[in-house]
Amino acid sequence: MIKLLGKIRRTGRVAEPASPPPPLSCPKAARLAGSVQLRHVDAGSCNGCEIEIGSAFGPVHDAERYGARLVASPRHADAVLATGPVTRNLAEPLRRTVAALPEPAIVVAVGDCAINQGEFAEAYGVVGAVGDVVPVDVTVPGCPPPPEAIVAALRGLTGR
Amino acid sequence: MIDHVQVLHLAAGVFLLTAVGVLWRRQLPAKIRLLVVQGLALAAMVGIIGVQRGDLALVLVAAGLAVLRAGVMPAVLRRALVPGAQERRETRPVVDVAASLLAAALLTLLAYALTRPLVALDPTPITAVLPVAVAVVLIGFFVLTTRRRALSQVVGFLLLDNGITATAFLATGGIPLVVEVGVSFDVLLIVLVLQMLTLRLRATVGTTDINELRELRD
Amino acid sequence: MTDSLQDPVTAVVASLAQVAVVVLVAPLLVGLMRQVRARMEGRVGAGVWQPWRDLRKLFRRQPVTPVGTTWAFRAAPLLLVATALVVAATIPLLTTHTVLDRVADLFAVVGLLTLGTVVLALAALNTGTAFGGMGASREVTVLALVEPTILVAVFALSARVGSTNLGQLVDAALHDPLRVVSPASLLAAAALLVVTVAETGRLPVDNPATHLELTMLHEAMVLEYSGVDLGLVELAASMRLTLLLGLVASLFTPWGIATSLAGLPLALVAFTAKVAVLAAALAAAEVLLAKLRLFRVPELLAGSFVLALLAATTSFFLA
Amino acid sequence: MNILGWGLTAAVALAGLGTLAALVAPERVRPMLAGAATAGVGGAGLAAGVAAVAGVGYHARLPWLLPLFGVELVLDPLGGLFVAVAGGVSLVAAVYGIGYAARGHGNQSRSTQAVLPLFVLTLLLVPAAGSVSTLLVTWELMALTSLVLVLTDHRARPRVTHAGLWYAVMTHLGFVAILAGLVAFAAAAGGDTFEALRAARLSPALAAVVFGAALVGFGSKAGLVPLHVWLPRAHPEAPSQVSAMLSAAMVNLGVYGVVRVGLDLLGGGPAGWWLVVLGLGAASALYGILHAAMASDLKRLLAYSTVENMGLVFLAVGVAGLFHAHGEERLAAVALAAGLLHVVNHAGFKTVLFLTAGSVLRATGGRDLNALGGLSRRMPVTTGLFAFGALGAMALPPGNGFVSEWLLLQSLVHPPAGTGVVTAVVLPLAVAVVALTAGLAMATFVKALGVGFFARPRSHVPERAVESPPLMLAAVGVAAAACAGLAVAPTALGPALSRVTGDTLDVAPAVVGGALTVRLAGIASTISPVLILVALVAAVALTALLAQVVARRPARRRDAPLWDCGAGPPTPRMQYTATSFAEPLQRVFADVLAPETTVDTQHASPYLLARMRYQRRLPDRIEYWLYRPVLVAVNALSRSARALANGSVHRYLAYGFFGSIALLVALVVIP
């Protein structure tokens, strides 16, 4: 325990300095005023985007400092982080999740697959991009998108 | 300000809590750490009595106790621990932890009930702590009987001994220095023997779970 | 003299001040704990005001009523906050002469906090989801096992004061400070801290930051709440944390509590400082602790019960 | 002949009329007539009891009614309290029963309806008995009538017969104990009336025997562990209004008996007795509530909760006796007041709970919580009433159970100086027991309310439920109103309680005082239930206001389907059932409950599981370990006895012949 505390002290702060906040990227986000709860839906991604999202909320990029947080229930959420090309089995769950959010719901499509099926275009198991299933408000291009891009998109929602 | 009595009572509280802690924790290293604290508390209690009586011998005994109970014996026990071995944890004691904690509570109540007449004989702040010492004796016995690992039984034995020592000092206000030293060294001897046995045990049987020993019979 | 808090008017003023302080400070306290945690994890953290931002947003968000739920689901958040408010007006945080002090003693306070939990558990069962039932079942189990510790600790504290009214308990502690460092009160303090951790669903009993439904206790009960309902539930949770920490602080470090209206500002500072220190310590401990398995929790509570029982007996014998 | 006399006479007359009416009237109007008469009996009892508690004394002697001793009726405040409770409960339950029996539920049979008024009458007469013989006669009448009522549905369900058998055996063993104890007492006192007994000075040994016998006898009626086994069987099987009378009125008389004999007639006694009472009470409280927390049958759950509450009352009585033995009269009085107040409160909320449970049974035909659910939509009023009763049973403010448990705790947490080490060890443990009981009671009733009434229907059972007729609702509403009155204004009972405790253990009255706030003699703690309620209401209003203010433009609320993790709507079978709700507690207390779980699996292939069956049973351990051996022994005995009777007339004649010869020889031999 003492060792751990020592390590914490030696490590200090690893988060990178914050750049000036970007403008709001979506009109719906106006009412949120610096607090965005996110529900993440993996609609069939290769988990590359998941890893990047994970590091976006990790100590280095620390998306939480801008008021973004991942939550356990869509009822608590303001926005859906959708990743991957939407497979047949997850099209309906994705719709249901977005429908379960309080209105107005924001949908963020993370990664090329989510934006335009990317690698998996025309694959037999794929219904289409996230945009073909639910209305998309914000997109984060990249395969996978770097954490900086994800953080930037989230800051576009929190406005911080 | 805080006077002798307060400190004595605090030390007594720590003395009892460490005993309960030994029941509570599963990790053997943690138990040994608790023993160290308890040894210090014991020394503190004796020392305070010494200071209050202005009795130098008692203070010396206290110092001796601190070295022996908080220094030597725990060190000996630590040597018996092979790092990383599965024996470091008291998995599944005979009586599960929650139950044994409740048992400890009842034992303490029993101790209070038992020592009531003794305390009534001469009700001083010092004898008022007597129940705590007796409680530690009982709890030590409980550990001795309900824990599987040989080492945690040694710990129980040491609890028992600490309790007895405390009882002796609180009840009689100090036994001759020589006796105390003698007793302590006996205890040290016993601990060493037990530790050696433990090591041999692991060497031959591969575990120190006492229940495994039944297999040796046939 | 009107300055003394004995007379009803000033008592009302002081109590209202307490309620206001609790409501305002509670989210900040949660923010502080998250901040401490963030810093120890090498992050920057969202700042102590973040919970207030969340609340402001939630109060404006659209509330959703799941189909099949009834009045119990709608009423629960209101009642939950209401119980916390009443407790805030009762227990001595800034002053020992709150307006409700003679109205509700420590047993009543415990009862009110319990009532809040019960209402929330009923609401969770009302949704008829698997997670709601799971959360309710676990929360109620922990609550049932916590009860003995609380009341026996109360016993230990009140046995020598001769009253279970909080004002008198704290007054007694103010008048002889040595009582505070007596073994009985230290043991009771330890027991009550464990209880606080269990009641407010912090580590190692429950992990407030988990996303995994199967490991949830409290969080699983509120999965269906949204908008203003959720906001009220979150506010109530933070208030309960503040109240319990404040209660422990007032019982065991009563210094700075106002005995006159003039003393209120000082009391405010003292209260905030004490609670902040406790909360920071709790958060720091949470960084070092792992969550207990659900069926290891009874061991923890049994331990706290032993502490409380020892406190009671020592308060008898070492008195 | 004063009001009490008139009240009791009226009760007797009405009971007679009711029975007659029930015997002659056609089935259509039978429940109406009998119910009305029963309600009248209850009302008369209520009036008499209230008057008696208010201090009106009554003493009547009817030498011609019984051979040898005659009937002695005395109504003092202590008896009056129990008469009032019994009367009130019966009044409500009888009115409810009219509606309950109206639509064929088997219990409008002639026997049941004819016995009902008599049973209520005995409930009133037992506490009014002023002599041993009167007490014994009324007690036995009560046992027989209640047995008939328990057996009402025996044609419909075989379990009823079984329960009735248990009840018959247990209650008669209890009766034998009481008989032995009191007769010995009377013989030693050289008198049959209670005055004579009070005046008598018994040898310690005999006193202990008398008290022990009384404790066993009366304790068995109150469901004191380990004599409780009949209660969770018999109470649920009776028609619901009878269940209410049994569980809210009859069990109290066990308490009455122990208080009357132990504290009043024997005048206290050594601390050891009361430690036993306290211990048994604590055991009953914990054991009862543990099984209630596990039960999934609604009425069985309520019956076990009765065991718990009676345990708490006995704990209070034990504490009172303990303090009395130590000469701490003031605390003794507080403890006794707590016990008696809890008797009243328990009667209140248990009536509400059993009657609403009856409404559920009547509406759905089921009482298994695992099959219920979703009733709050179909029976909103009943649900509200049950919730109200549950609040009282959970002992949470602002319910009525809270006040009496508060009193009990107050009597425990102010240890008097120098009452010996025993008290010092017992009191904290008692507090712990009360606390754990309260906690488990909370879990129990969250389960009963949340699983049984909220959520969604778990089977087709609750789907055809309809709200009960107004008459039943009104009856339960009256009981609920009484609970509300007790909850907000317990001080109204203050003078009554003070008077009872005052003349049971001779202390100065005014134990419980105060108007808005409850004040106790010599204890600094105070609470004010009514102000707590007011504060809560105000706080709710304030919260709603606050929410409006913070959200300047609040968004419109919208309905949405349950969150299903995206995978289609969850079926009702996905909900937590009563069993799964109680599972964590069952694990925690596995050492006490010792559940039997059997898992049998059938493999389609070494790798594939065809079907798996998981079964868990929670037998009553005490019954299992204590009673089963006895039953086995008795069976063996009777089997061997059967060998004597092989049906040949000659053999029977031979038995008679040899028997009489042996008798004659004995007469000759013995000078």
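Reply:
**Chain D, starting from a loop**

D:Pro398 is found in the loop between α16 (380–393) and α17 of chain D. Helices (H or I, at least four residues) and strands (E, at least two) are DSSP runs, numbered from the N terminus. The model is predicted: local features need pLDDT of at least 70, side-chain atom pairs count only at pLDDT 80 or more, and totals for chains, interfaces and linings use all residues. Residues are numbered from 1 along each chain as its sequence is written, while chains are lettered from A and ligands numbered from 1 in the order in which they are written.

The bond between D:Pro397 and D:Pro398 is a cis peptide bond, with omega at about 0 degrees. Most peptide bonds are trans.

Next comes the side of chain D that touches chain C. Here 67 residues of chain D are in contact with 75 residues of chain C; two residues are in contact if their C-beta atoms, placed from the backbone, lie within 7 Å. On the chain D side, the elements that give two or more residues are α15 (375–378), α17 (400–412), α18 (420–452), β5 (523–527), α21 (529–550), β6 (558–560) and α22 (578–588). The largest share of that side comes from α18(D), with 15 residues. By class, the side of chain D that touches chain C has 49 nonpolar, 10 polar and 8 charged residues. In this count Ala, Val, Leu, Ile, Met, Phe, Trp, Tyr, Cys and Pro are nonpolar, Asp, Glu, Lys and Arg are charged, and the others, Gly among them, are polar. Of the 5 pairs of chains that touch, chains C and D have the most contacts.

A strand pairing also joins these two chains. Strand β1 (residues 64–66) of chain C pairs with β6(D) in the parallel sense over 3 bridges. Two strands pair if DSSP finds at least two bridges between them. In β6(D), D:Ala560 is the residue opposite C:Pro66.

A residue is buried if 20 or more other C-beta atoms lie within 10 Å of its own, exposed if 12 or fewer, and partly exposed in between, with C-beta atoms placed from the backbone. Leaving out residues up to four places away in sequence, D:Val431 touches C:Leu151, C:Val152 and C:Phe155 in chain C, and D:Leu409, D:Leu412 and D:Val413 in chain D.

Now for the strands within chain D. In strand β2 (residues 71–75), 5 of the 5 residues are buried, so this strand is largely enclosed by the rest of the structure. In a regular strand the side chains alternate between the two faces of the sheet. Strand β1 (residues 58–62) of chain D pairs with β2(D) in the antiparallel sense over 5 bridges, and D:His59 stands opposite D:Val74.

Further along there is an open sheet of 3 strands of chain D, in the order β3-β4-β5 with antiparallel pairing. Its edge strands, β3 (512–513) and β5, each pair on one side only. β3(D) and strand β4 (residues 518–520) of chain D are joined by 2 bridges in the antiparallel sense, with D:Gly513 opposite D:Arg519.

Last, the domains. Chain D is assigned domain 1 (1–192), domain 2 (268–504), domain 3 (584–617) and domain 4 (621–669); such bounds come from an automatic or database domain assignment. The centres of domain 2 and domain 3 of chain D, taken over C-alpha atoms, are 33 Å apart. Their contact takes 4 residues from domain 2 and 5 residues from domain 3. On the domain 2 side, the largest share, 3 residues, comes from helix α12 (residues 271–294) of chain D. That side has 4 nonpolar, no polar and no charged residues.
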